Each structure stands twice: as structure tokens, then as C-alpha cells.
Amino acid sequence: MDRRVPTGPIRHRSRSRLLLATGATAFALMAAAATPLNPAPQQAHAAEAKTTPGSGGKKVLTVAINQSVDSMSPFLAQRLVSTTALRLMYDYLTNYDVKDGHTIPGLATAWKPSADKLTWTFTIRKNSTWSDGQQATADDAAWTFNKMMTDPAAATSNGSFTANFKKVTAPDPQTLVVQLKKPQATMTALDVPIVPKHVWESVKDFSKFNNDKTFPVVGNGPFILTDYKVDQYLKFKPNKTFWRGAPKFDELDLKYYKDNDAAVAALEKGEVSFVQGLTPAQAAALKSEKNIKVNDAPGRRFYSLAVNPGAQAKNGKKFGDGNPALQDKRVRQALFAATDTTTIVDKVFQGHAVQGAGYIPPRFTDYTWQPSASQKVSYDPARAAKLLDEAGYKKNGAGKRVGKNGKPLNLRLLCHATAPEDKAVGQYMKEWYGKLGIGLTMSCVDNVTDPELAGQYDLAFDGYSVNPDPDYVLSIHTCAARPSTPKDTGSTDTFICDKKYDALYSQQAQEYNAAKRADLVKQMESRLYDTGYMNVMAYPNAVEAYRTDQIKSIETMPQAAGNIWGQDGYWSWWSAVPAGHSASKSSGSPTGLVIGIVAAVIVIGLGGFVALRRRSTAEDRE
């Protein structure tokens, strides 16, 4: 159930793609101080970049991906690769600053709430055009939101953002007015791609339209999707009319590799420019390779073990085949106590992660949470055994845990076939659970989405990319996130429905005071921890590498020791400068730390992290 941010092949339930191409001419962009209309200064670049082998002279940036796109529709996509691609294709009302993640202008240049905070007025920029030449206006934004408010299928991915909207209008091309039913704290962090009304209003069925048949896809982001083949590639060209300035490579390709070893080999041969989701062994080997830089920085995702609490739709219909034993809190907490997260961090991630606990990674300092000493469930097999005894699952003569019905306690663990960390952790769990008398069968498959959505699992490795604003990842554990019927698809992560959690979610969603809202978010994390539905085992680093003879420099997010892949925005690929370019001097403010052949790669070890304002998007939901 890894939606938006995987280390390696991880689970996600949505869709995305990216690619770019432009002419062989290089551009020079002015690097100026940030202003309301140009909040992120641009890097300067010049001509004569090196070309990628087999590219016909074009400067192609090829990114290896190992996750399948779920959909290219902004209304359906949930997987990290898909939402990453959509951030390249469409502008959002607001964006997150590459330096520290604070909110900055996007399609909207300004916003203002009414005194009661129930009406928000956004000013839409005049210099944004769709790639087919038409002007992007407030009417496009109003149509996007109204479609989500009136069509349940269109609310599949981001419906939590518009569920509280009462009315959305566009009184003129540059003015968007959103009226709310009650206060909403996420109004400057609406992670919803704005689509062109004149293109999308002809779509008949939003539950089936995946936006992947007609190319080029009309958008107003920094890149234009020109081609897509399932589990092969996404191809993009630069949007030369993008208001912030065109990207610098002639083409951006996201190339699919089922096996990350093959992706690493392609990087070594120069067939790809960038690889993410490296194992500790791969990272160590690449550090000694010529023309390759390894970036090892605190990540924005968590790695957890999710429990199937019993899949149920909002209409009350139950479905799936989750083990009913897991509906007992004592059994869930026994599994917590039987899991040695120290071993997972030290042996599996080999220090390229920090030990988990709360739902929000430590990188987001405002929202991260740790249990108190009395609340913390540490590795304690004796306690796990006691909890199982109390729950009625005692050992028989053969050392197997059996319930009162005489049936053995056997569980199924769903994992990603292409994720080495899943397999390694799973083997440890088989050993730990086995000593307690619990049987564990691993089912590692290429497509974890189908069994997850069908509720056909007991335990599953889970992970999400957290954005500066945590509302979206918090929303996926609410009762409202469940599917309407067993046949429908909801945004739920693990079918959790807890009234206390829901009440806290509602409170934080309406709280504008930052400190009070952060406290409510931490209470939600505490509640989630105590229920035992989610065991956050680790916060993996972003371990990735790129070729310095193809990429001269590229932005990380945050700029100080941040990640390249899976950012809250388009900064990395938009900012990437081809090798061979000479940067022109700028009289403006510096853009900040850039990873390049001249910049040292910052490696953060166990326990290190960068303070980033609590994440703010909904797509990893990103």
C-alpha cells in the first residue's frame, strides 16, 4: 500500500508518468531573486551539453523507474511515479518552495481568506497558457474543483481536498472564489492538478479515462507528455511557454526497469542518467564509479507493516479475506512487540534509515511524533507471547499458536516482488513470528494493488511519501476514505475506520493555528500507533545516483541534503542542467545548494535529518 513514495519498488495505488523533449538549442535563463510571481529563482545555463548515447544528438535526461503507472488521469492517479509525472504536466494553485517546503505561488499568484475563513479568493496568473496555445484561467480551476465535487469518480485521488467545498466560481478569468462549509486548514496546500476545461469537459466516464491515449497531452506545467507505453516508458518534451521558464534538457524519459539491478547496470553503461531506490550494496558499489554521484539523504517516506482490519465499504458490506484474528488489538500489538525494528534498520537498510515510530517522518519537524516511554512498544518476544495468550491463541504441543476454534494462527504477508527490502524484512519476520508459534507465508507479487484493493491479505508492507502538509496521508485512514461499495475504489490505505481518529482528523482540518494543528496531528499519530493497525518500522533515506557526465547540476528538495526523486514539486527535473553547459553569472540571489559535479554530495547517516516545514501536498499523495 505504498502510494506515493517508495524507496525501491514499493506499493502505490495510483498513476503517473513523465517525459520531455525540446530542440537542440540551449537557453540562458536569468537567475534572479525570488518575487511573488517568480518565487523560485532559476539557474542559468548555456550551450553545448553532452548528448545521451542513441539519442540522435538530443540532450536526453533518462530516469530509471521501477513502479508501474496506475493512471495518467489527475483524478485517478495515486502512485508516486504517476503523481510525479502529473506535477510535471499540470500546474497547481500553489507550490512548495524547493529550499524548505513553504507555500509559494503556482497557478495562483496570491490568495486571501475572508474574515470568517469561509471564503477564499485566489488570483490566477495571466502568463500561464495551455500547451495548445489557449490561456489558462480561473474557469479551468473552477471546473476542475466542481467536477471533483459532483462526480465521485473524479474525487478518487484528491477528493479529501474538495469534500468541504460548498461552492466554487470564477467571476472573471483571473479570479477564483472558493466557499467552504467550515474552515479548512489546507487551502494553501491544495495538491490538485488543474486541468484544461476545454479538453476534459468531453470525458464521459472519469472512472475509466486514464489520459494516456492521445498525445501530446495538453497541460501547462514545465513538461509535455508526448508518449507513453505501459511498463516501458514515459516521454516528455519541455514546455517552452512555461511561465517559470523552459527546462534545459531536450527530452525527459522515464524508463521502466522491473529489476533495479538492471537499472543500476544501465546507469553504469550510461544508458540512463539517474537511478533511485538503491540498496546499500548498490550505493556502496556506485560510490567508486567514475562519473557517478550518489545522493544519500533523509527521505520523506515511511516504511511500515500494515494490518488488514477487515475490509469494509462505506455501505457496510464486508469483503476480502483478512484473518479475523487481526481484529483483536492484542494480536496486533503482539505483532508489534515481535518485530525488531533495530535489526531492520541495521541489517536490512544498513544504516540508510532511522528507526520508525510515528506516522510522519522526522524530516517534517512540526508534525513528527514519538511515543512516550510508557506507550512505546519495543521488541519484546515475552510480551508478545503474553498478549497472544491473553487473546486466546496459546501454543499446542507442536509449538503452534491455535485459537479457541482449534485452528492454527497462520498469516499471509503481501510484498513487492521487486523490493529487496520487503523480502529481507519478511524473512526476519518469519523467524520472529515462528518462534512465537505464528505461521507466516510471504506472497511477493508484481502487482500488489489488486489484492490490496480487494482486501485479500493479512499483512502488507506499506509506505507513503509525506508532503509538507500531512492532511492527505492522514485522510487515507479515515472512514470516509473507504470505497462506497466493495466494487468501488476508495482512497483508503488499509480500510481503517476509527471514530476517535476521525474526530481528531476533523479538528486538525479546521485548525488554522499552526501549533494547535500540529498538536492535533500528533494526537492522531498517537491514536494510530495505539490501535496497532500500522507499525511504522523505519524512515528510509532517499538513496539515489546520477551520471555527472550527463547531468551537470540538479536541485534537491530541501536544498540542504534533500532528495531528487519524488519531490513535492517539479524542481529536480525542471532545474537539471546538461553536462557541458557553462552557467552564466547571475546578479540575483543564489538558488541554494545544488548537487552537481562541483558540489559535494551530502550523506546523512543514521539519525540525521533536515528540518523541513511540515510537508504540504496531497499527492505522494506524492
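Buried, in these notes, means under 20% relative accessible area, exposed means over 50%, and partly exposed is in between (1.4 Å probe, protein chains only).

**Entry 1: ground rules**

I'm working with a predicted model, where local features need pLDDT of at least 70, side-chain atom pairs count only at pLDDT 80 or more, and totals for chains, interfaces and linings use all residues. I number residues from 1 along each chain as its sequence is written, and side-chain values use heavy atoms, with hydrogens and water left out.

**Entry 2: the whole chain**

I started with the overall numbers. The chain has 15 helices and 24 strands; these are DSSP runs (helices H or I, at least four residues; strands E, at least two), numbered from the N terminus. I noted 622 residues, of which 62% count as buried.

Next I looked at contacts, meaning heavy atoms within 4.5 Å. Of the contacts with a separation of 6 or more, 75% are between residues 24 or more positions apart. The chain exposes about 22,100 Å², and carbon and sulfur atoms supply 52% of that. Accessible areas come from the Shrake-Rupley method with a 1.4 Å probe, and for residues only the protein chains shown count as cover.

**Entry 3: H13 against H14**

How do H13 and H14 pack? I found an angle of about 165° between helix H13 (residues 499-510) and helix H14 (residues 514-531), with the axes 9 Å apart. That makes the two roughly antiparallel. For the record, axes are lines fitted to C-alpha atoms, for helices over the stretch in contact, and angles run from 0 to 180 degrees between N-to-C directions. Angles under 35 degrees count as roughly parallel, over 145 as roughly antiparallel, 65 to 115 as roughly perpendicular, and the rest as oblique.

The H13 and H14 crossing is left-handed, which is the label when the near helix is turned anticlockwise from the far one by less than a right angle; clockwise would be right-handed. I jotted down who takes part: Lys500, Tyr501, Leu504, Tyr505, Gln507 and Gln508 on the H13 side, and Arg517, Leu520, Val521, Gln523, Met524, Arg527 and Leu528 on the H14 side. By class I get seven nonpolar, three polar and three charged. Here Ala, Val, Leu, Ile, Met, Phe, Trp, Tyr, Cys and Pro count as nonpolar, Asp, Glu, Lys and Arg as charged, and the others, Gly among them, as polar.

**Entry 4: H7 against H14**

H14 also meets helix H7 (residues 329-337): their axes come within 8 Å and cross at roughly 95°. I therefore logged H7 and H14 as roughly perpendicular to each other. Lys329, Arg332, Gln333 and Phe336 of H7 touch Tyr529, Asp530 and Thr531 of H14. The classes in this contact are two nonpolar, two polar and three charged.

Is Thr531 buried or exposed? Thr531, part of H14, is buried, at a relative accessible area of 6%. Leaving out residues up to four places away in sequence, I see Thr531 touching Lys329, Arg332 and Asp498.

**Entry 5: Asn535**

Asn535 is buried, with a relative accessible area of 7%. Neighbours within four places in sequence aside, its contacts are Tyr303, Ser304, Leu305, Phe336 and Thr339.

**Entry 6: H8 against H10**

I looked up another helix pair. Helix H8 (residues 341-348) and helix H10 (residues 420-436) have axes that come within 11 Å and cross at roughly 140°, so H8 and H10 are oblique to each other. Their crossing is right-handed. Thr343, Ile344, Lys347 and Val348 of H8 meet Glu421, Ala424, Val425, Tyr428 and Trp432 of H10. My class list reads six nonpolar, one polar and two charged.

Where are cis peptide bonds found? One joins Phe215 and Pro216, with omega about -5°; Pro216 sits in the loop between helix H4 (197-200) and strand E9 (223-229). Another joins Met557 and Pro558, with omega about -5°, and Pro558 is in the loop between strand E22 (551-555) and helix H15 (571-575).

The loop between E22 and H15 also holds Ala561. Its phi is near 60°, a positive value in a residue other than glycine. Ala561 is buried, at a relative accessible area of 9%.

I also noted Asp231, whose phi is near 55°, again positive in a residue other than glycine. Asp231 lies in the loop between E9 and strand E10 (233-238) and counts as partly exposed, at 37% relative accessibility.
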